[in-house]
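Welcome! Have a look at the structure below, and then let us walk through it topic by topic.

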Amino acid sequence: MALLHIAEPGESAAPHQHKLAVGIDLGTTNSLVATVRSGLSVVLSDDLGRPLLPSVVRYHEDGGVDVGYEAQAEQARDPRNTIVSVKRFMGRGVRDIAHRESLPYDFEDVPGMVRLRTVAGVKSPVEVSAEILRALRQRAEHSLGGELVGAVITVPAYFDDAQRQATKDAAKLAGLSVLRLLNEPTAAAIAYGLDNGAEGIYAVYDLGGGTFDISILKLSRGVFEVMSTGGDSALGGDDFDQRIFCWILEAARLKPLSAEDARLLLTCAREAKEYLTNHGIAPINALLNSGERVDLKLTTEVFTEITRTLVAKTIKPVRKALRDAGLSVSEVKGVVMVGGATRMPQIQHAVGEFFNQEPLNNLDPDKVVALGAATQANLLAGNRGAGDDWLLLDVIPLSLGLETMGGLVEKLIPRNATIPVARAQEFTTFRDGQTAMALHVVQGERELVSDCRSLARFELRGIPPMVAGAARIRVTFQVDADGLLAVTAREQTSGVEASITVKPSYGLSDDEIANMLKDSMAHSKDDAVRRALKETQVEAQRLIEAVQSALKSDRDLLTDEQYALIETAVTRLQTAALGDDRRQISQAMNDLEAETRTFAAQRMDKTISKAMAGRRIEDLAGDETGSEKTGEHA
Amino acid sequence: MAVTLSENAAKHVAKYMQKRGKGIGLRLGVRTSGCSGVAYKLEFADVAEPDDVEFESHGVKVLVDAKSLPYLDGTELDYTREGLSEGFKFNNPNVKDACGCGESFSV
């Protein structure tokens with residue numbers, strides 16, 4: 001018990017400076033806000049006692065905005081101005097969006113992040129998300145009775161820099177200070193108290209409305225490390241509804257349906273799915289507008305049978321994530337279930353069977369991410385008790401690297417490196433007298449720049465002119481705890497520096513990440529061959545430049561005949577370097593080197609005699625070892 | 001209904017008030033906040049509010065607003081020394097659970 005002191009009227013110090021902090025699960029379908037009250041995480045409900053806020057925003061002509069259930073109710077009537085699942089558009093260009101033809105929105109094709117045209121004007125996904133966050137912030141301030149010091153917002157573990165940055169921007173726009181972006185699976189693990197002394201490998205199986213994510217976490221001495229992630233961005237509870245819907249159509253032998261009847265039956269399908277969670281058989285009764293009557297009974301057995309392939313589809317990424325992490329099933333100590341769809345018994349069963357253990361499911365799977373985020377927010381706001389010190393370590397979903405000569409990628413930070421992380425590497429100039437260097441930051445697993453995603457470009461200027469290869473440029477990649485990248489380049493001798501914080505105009509979709517990973521494995525051999533070829537070509541180019549530069553400065557050392565021979569060898573190498581036969585290039589390089597050997601020796605003699613000119617032998621003898629050595633050669 | 005000061009606490013309050021040079025007494029109260037729900041308020045009082053309940057303890061006037069009183073009824077404010085620090089301490093019989101740091105509690 002702390003001892004108190006008397007304060008001036010009205011100035012009693014609030015305990016912990018009144019630090020109100022919340023955790024926000026900004027979901028694709030639904031969002032939630034939670035906080036720590038009396039030492040326990042609780043989800044904050046709205047005035048009507050509803051914990052979820054549908055992630056739906058509707059814009060009115062007069063500039064008014066509806067968020068949540070109100071907006072959702074009007075979705076069918078005003079689809080163009082009612083934005084659902086905006087999370088899929090965060091940090092994406094218009095070309096990144098899958099099935100955009102089938103979406104009711106009016107996309108504006110602008111460079112960078114996609115924009116949506118609504119009656120209230122052009123809106124970016126960041127603005128739409130900000131409306132959702134603002135609604136949650138108001139709910140929290142209303143129910144906690146004070147201003148928030150900050151929030152922890154959860155994002156999928158595979159979110160790239162662009163998507164994380166977009167989420168941060170949305171929070172700023174909503175007037176929230178972001179204490180930390182937290183990976184959703186990590187938040188779920190925290191909610192289950194896995195931070196309290198638990199050690200070992202845990203899997204987080206997150207089946208939401210429209211997305212599936214699997215993450216493998218490693219906990220050791222209170223440190224969370226996301227070892228690998230995987231999933232399917234187009235698989236979720238909605239697909240199970242769809243299967244029941246199809247089953248109804250077939251079982252009741254219905255004629256093609258009107259849009260309204262289809263919606264009615266989809267609702268019936270969802271209700272049946274939810275009913276089957278606690279019952280063995282679900283009645284499906286509906287009177288369609290077409291006059292047809294549906295009166296069916298769906299049993300758990302049939303439901304399990306018709307969704308068998310869907311369940312299997314979730315297990316495949318699980319297996320892959322384990323393989324990525326280099327682990328076997330038996331090493332997994334616990335499985336955390338997240339997302340409303342994991343309530344389905346066949347999911348529980350399949351996951352239990354795969355991992356050979358009962359999954360953890362005693363917390364509400366819809367709330368578990370928000371609860372964990374609230375716990376983390378409470379700690380970061382400084383409301384910590386004794387022993388509450390733990391670190392969170394997350395990973396980078398795709399390698400970060402720099403373009404080098406010939407369009408090759410030099411990876412500085414490998415995939416799955418834990419963050420925060422900083423890596424530095426030295427690069428050098430390619431040409432004599434080069435005073436600037438273009439730096440191109442890319443993300444991806446492939447060897448060639450053209451196969452990776454470009455994140456940012458910047459230039460380092462003011463490098464003092466030096467011969468090629470003499471400049472030492474140290475490039476540092478730094479990824480902060482939120483997964484955002486800053487790149488700094490510094491020329492070591494002169495100290496000139498340039499840096500950039502990567503705020504790419506758009507990022508990678510999770511599909512793209514998945515495809516790029518697949519590509520890199522499928523092409524790894526192919527890539528190695530191409531890389532070797534590129535390297536040889538770059539090497540050849542450098543040799544040509546060096547010889548040409550030497551010819552220019554020391555033409556007088558050569559007879560016309562020698563000069564012509566070298567010229568021919570250079571031309572031959574130039575031609576070879578344009579082709580893709582690596583052996584031929586190497587051969588031409590060897591030839592050129594042989595041809596210039598005498599020339600190189602002559603040049604060296606010349607340099608040395610220049611250095612010794614005007615000096616006497618006695619002086620040279622007293623010189624340092626380096627000079628003596630040169631003297632011997634001379 | 002009563003809120004009291006220990007003799008030691010009263011002595012220190014009187015000393016602090018004398019040093020401050022003004023004020024009619026001591027105001028105790030609670031407000032909702034902190035990690036365990038409710039936190040104490042301990043302030044000098046310059047004016048009495050209409051809904052204040054007044055107590056007199058060892059010559060010190062203690063003001064408690066009516067809303068806080070149910071949380072503080074039966075409390076004795078003490079002045080103690082713990083380790084290297086000394087200060088006031090609420091001995092509140094209503095407290096069921098306090099947070100680790102003791103700055104807030106729940107009833």
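With 7 C-beta neighbours inside 10 Å, Arg253(A) counts as exposed. Here a residue is called buried if 20 or more other C-beta atoms lie within 10 Å of its own, exposed if 12 or fewer, and partly exposed in between, with C-beta atoms placed from the backbone. This is a predicted model, in which local features need pLDDT of at least 70 and side-chain atom pairs count only at pLDDT 80 or more, while totals for chains, interfaces and linings use all residues. Residues are numbered from 1 along each chain as its sequence is written, and chains are lettered from A and ligands numbered from 1 in the order in which they are written.

**Two residues with positive phi**

- Arg253(A) is not a glycine, yet its phi is positive, at about 50°.
- You can find Arg253(A) in the loop between helix H5 (237-251) and helix H6 (259-275) of chain A; helices (H or I, at least four residues) and strands (E, at least two) are DSSP runs, numbered from the N terminus.
- His58(B) also has a positive phi of about 50° although it is not a glycine.
- The loop that holds His58(B) lies between strand E4 (52-57) and strand E5 (60-65) of chain B.
- Is His58(B) exposed or partly exposed? His58(B) has 15 C-beta neighbours inside 10 Å, so it counts as partly exposed.

**The two chains**

- Chain A contains 17 helices and 28 strands.
- Of the 634 residues in chain A, 42% are buried.
- Among contacts in chain A between residues at least 6 apart in sequence, 69% join residues at least 24 apart; two residues are in contact if their C-beta atoms, placed from the backbone, lie within 7 Å.
- Chain B has two helices and nine strands, and along the sequence they follow the pattern β-α-β-β-β-β-α-β-β-β-β.
- Of the 107 residues in chain B, 36% are buried.
- In chain B, residues 24 or more positions apart account for 56% of the contacts with a separation of 6 or more.

**A sheet of three strands in chain A**

- Strands of a sheet pair through backbone hydrogen bonds, either parallel or antiparallel.
- Which order do the strands of this open sheet have? The order is E6-E5-E7 (chain A), with antiparallel pairing; two strands pair if DSSP finds at least two bridges between them.
- Strand E6 (65-67) and strand E7 (82-84) of chain A stand at the edges with a single partner strand each, so one side of each has no neighbour in the sheet.
- From one strand to the next, the twist averages 15°; axes are lines fitted to C-alpha atoms, for helices over the stretch in contact, and angles run from 0 to 180 degrees between N-to-C directions.
- Strand E5 (residues 56-59) of chain A is joined to E7(A) by three bridges, and the two run antiparallel.
- Opposite Arg58(A) stands Thr82(A) in E7(A).
- Helix H2 (residues 125-144) of chain A packs on the sheet and touches E5, E6 and E7 of chain A; the direction of H2 makes about 65° with that of E6(A).

**A sheet of four strands in chain A**

- Another open sheet has the order E21-E20-E24-E25 (chain A), with antiparallel pairing.
- Its edges are strand E21 (408-413) and strand E25 (453-461) of chain A, each with a single partner strand, so one side of each is left without a neighbour in the sheet.
- Neighbouring strands of this sheet are turned by 30° against each other on average, direction ignored.
- Five bridges link strand E20 (residues 400-404) of chain A to E21(A), and these strands run antiparallel.
- Val409(A) in E21(A) is the bridge partner of Glu403(A).

**Helix H3 of chain A**

- Helix H3 (residues 161-173) of chain A has 13 residues and should span 18 Å at 1.5 Å a residue, which agrees with its end C-alpha atoms being 18 Å apart; the expected span is 1.5 Å times one less than the number of residues.
- H3(A) is mostly covered, as ten of its 13 residues are buried, including Ala162(A), Thr167(A) and Ala170(A).
- Among the elements that cover the buried residues of H3(A) are H2, E25 and strand E11 (148-155) of chain A.
- Gly175(A), which follows H3(A), has a positive phi near 75°.
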